[in-house]
Each structure stands twice: as structure tokens, then as C-alpha cells.
Amino acid sequence: MTGSGAAKTAVEWLASVAPDPDACRWEWERNPLGIALLPAGRRWDVLILPGELGYPTLDVLTRLVDRPGPVLADFGEARMGFFVPPGTASRWLGTGVRGAGRGTWIVVPYPGRTAGGVRWLVTPDGTGTLNDAALLELAMHEAAGGLARGEDGQRS
């Protein structure tokens, strides 16, 4: 999927978790900030990594799979959020990794737009594709190993 059709499908998928999806879409598409506050834990959880680990993790993940699930970067790209299956955050054990699951809300930009310091690195495809937690963990281990060896994990 490409273009506005993919963005519309992604919008529908993301908005489906909102308490009022129609109001969410209306506000999201018309609000100049271009963001929505959406509940985690329904269709996805989000694992939040520090940017210095997140970028090399995403690089490794893109070598393992054709297209990773959705990934956000925020506020100067100090943090990255990997969308994973619901329930992952409550089971995740990892130093420096925060989880957003049931009972938490995340700031989500409109697909294809940068808004309020938040942007998509990998936009949702609208089909529900998420990052596989086991593959994400492997990618994080490989990325952390590279950082420990002094390899530069930041993208240019």
C-alpha cells in the first residue's frame, strides 16, 4: 500500500482503539497539532527504548523482516516506540525499556505527518502488523552488543 490509501487505512486502524473513533478521526484530521492520544493495550502495546538503542535496534530489525511493525520517534528522537502485541508490556523485563500497555495512553501523530515532535519511522500499514516481541528482543540484544563494541548506532 502506498499514498493516501495507505494513510487512510492506517488512520482507520489506529482510530479503532479510541473511545469514540469518529470523533478521534475528525479531531485528528482537522487539529493543527495533528496528534491523537490513544489507549495502549487494546490492539497494541508500545515498548519505549532510548534513541541510542532504538535506532540500531530498528536497523537490525529491518534486516530480519521485510517490513517491521509501526515505530514512533519523539522529542528530538530521544525515545522510540515499537508497537508490539497487546500484553507484551506487562511481561517485558528489560533495563531501560519502558512499556505502555493497558491503562496507558500514547501520543500518536496522524500517519504520514510529523506533529508536535512526534513522527513515524515506520508507519502502520493498517492491517494490524506489529513488531514481533521475540524478534525485537533479539534485535535489541544484537544492537546492544554493537553499542558495547563501540559501533555507531545512530543514523546520519
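Modeller: The model is a predicted one.

Biologist: What makes the contact of Asp74 and Arg79 a salt bridge?

Modeller: The criterion is a side-chain nitrogen of Lys or Arg within 4 Å of a carboxyl oxygen of Asp or Glu. For Asp74 and Arg79 the N to O distance is 3.4 Å, and the contact therefore qualifies.

Biologist: Is Asp74 itself buried or exposed?

Modeller: Asp74 has a relative accessible area of 14%. The limit for buried is under 20%, so Asp74 is buried.

Biologist: How do you know that Arg25 and Glu12 form a salt bridge?

Modeller: Their closest N and O atoms are 3.3 Å apart. The cut-off is within 4 Å, and the pair therefore counts as a salt bridge. It links distant parts of the chain, with Arg25 in helix α2 (residues 21-30) and Glu12 in helix α1 (residues 3-15), 13 residues apart.

Biologist: Which accessibility classes do Arg25 and Glu12 belong to?

Modeller: Arg25 has 16% relative accessibility and is therefore buried, the limit being under 20%. Glu12 has 32%, which lies between the limits of 20% and 50%, so Glu12 is partly exposed.

Biologist: Which residues are linked with Arg25 in a network of salt bridges?

Modeller: The network links Arg25 with Lys8, Glu12 and Asp22. A search of the whole structure finds six salt bridges.

Biologist: What makes the contact of Glu142 and Arg63 another salt bridge?

Modeller: The side chains of Glu142 and Arg63 meet at 2.7 Å, N to O, which is within 4 Å, and the contact therefore qualifies. This pair also joins distant parts of the chain: Glu142 is in helix α5 (residues 133-148) and Arg63 in helix α3 (residues 51-64), 79 residues apart.

Biologist: Why is Arg63 called exposed, whereas Glu142 is called partly exposed?

Modeller: Arg63 has 57% relative accessibility, and exposed means over 50%, so Arg63 is exposed. Glu142 has a relative accessible area of 42%, between 20% and 50%, and is therefore partly exposed.

Biologist: How do you know that Leu58 is buried?

Modeller: Leu58, found in helix α3, has 2% relative accessibility; this is under 20%, so Leu58 is buried. Leu58 and Leu136 are 78 residues apart in sequence and 8.5 Å apart in space, C-alpha to C-alpha.

Biologist: What makes Gly54 buried?

Modeller: Gly54 is also found in helix α3. Its relative accessible area is 0%, which is under 20%, and Gly54 is therefore buried.

Biologist: Why are Met140 and Ala143 called buried?

Modeller: Met140 lies in helix α5 and has a relative accessible area of 10%, under the limit of 20%, so Met140 is buried. Ala143 is also in helix α5; its value is 5%, again under 20%, and Ala143 is therefore buried. The C-alpha atoms of Met140 and Leu53, 87 residues apart along the chain, are separated by 7.3 Å. Ala143 and Asp22, by contrast, are 121 residues apart in sequence and 40 Å apart in space, C-alpha to C-alpha.

Biologist: Which residues are closest to the centre of the largest pocket?

Modeller: The largest pocket holds about 220 Å³ of space. Of its 14 lining residues, Ile48, Leu72, Asp74, Ile106 and Val107 are the closest to the centre. Strand β4 gives the most to the lining, with four residues. The lining divides into 10 nonpolar residues, one polar and three charged.

Note on methods:
Residues numbered from 1 in each chain as written. Predicted model: local features only at pLDDT ≥ 70, side-chain atom pairs only at ≥ 80, totals over all residues. Heavy atoms only, no water. Helix = DSSP H or I, 4+ residues; strand = E, 2+ residues; numbered from the N terminus. Buried < 20%, exposed > 50% of the residue type's maximum accessible area, 1.4 Å probe, protein only. 1 Å grid on protein atoms, 1.4 Å probe; cavity = no way out; pocket = protein on both sides within 12 Å on 5 of 7 lines; lining within 4 Å. Points joined across faces, edges and corners; volume = space filled by probe spheres on them. Nonpolar A, V, L, I, M, F, W, Y, C, P; charged D, E, K, R; others polar.
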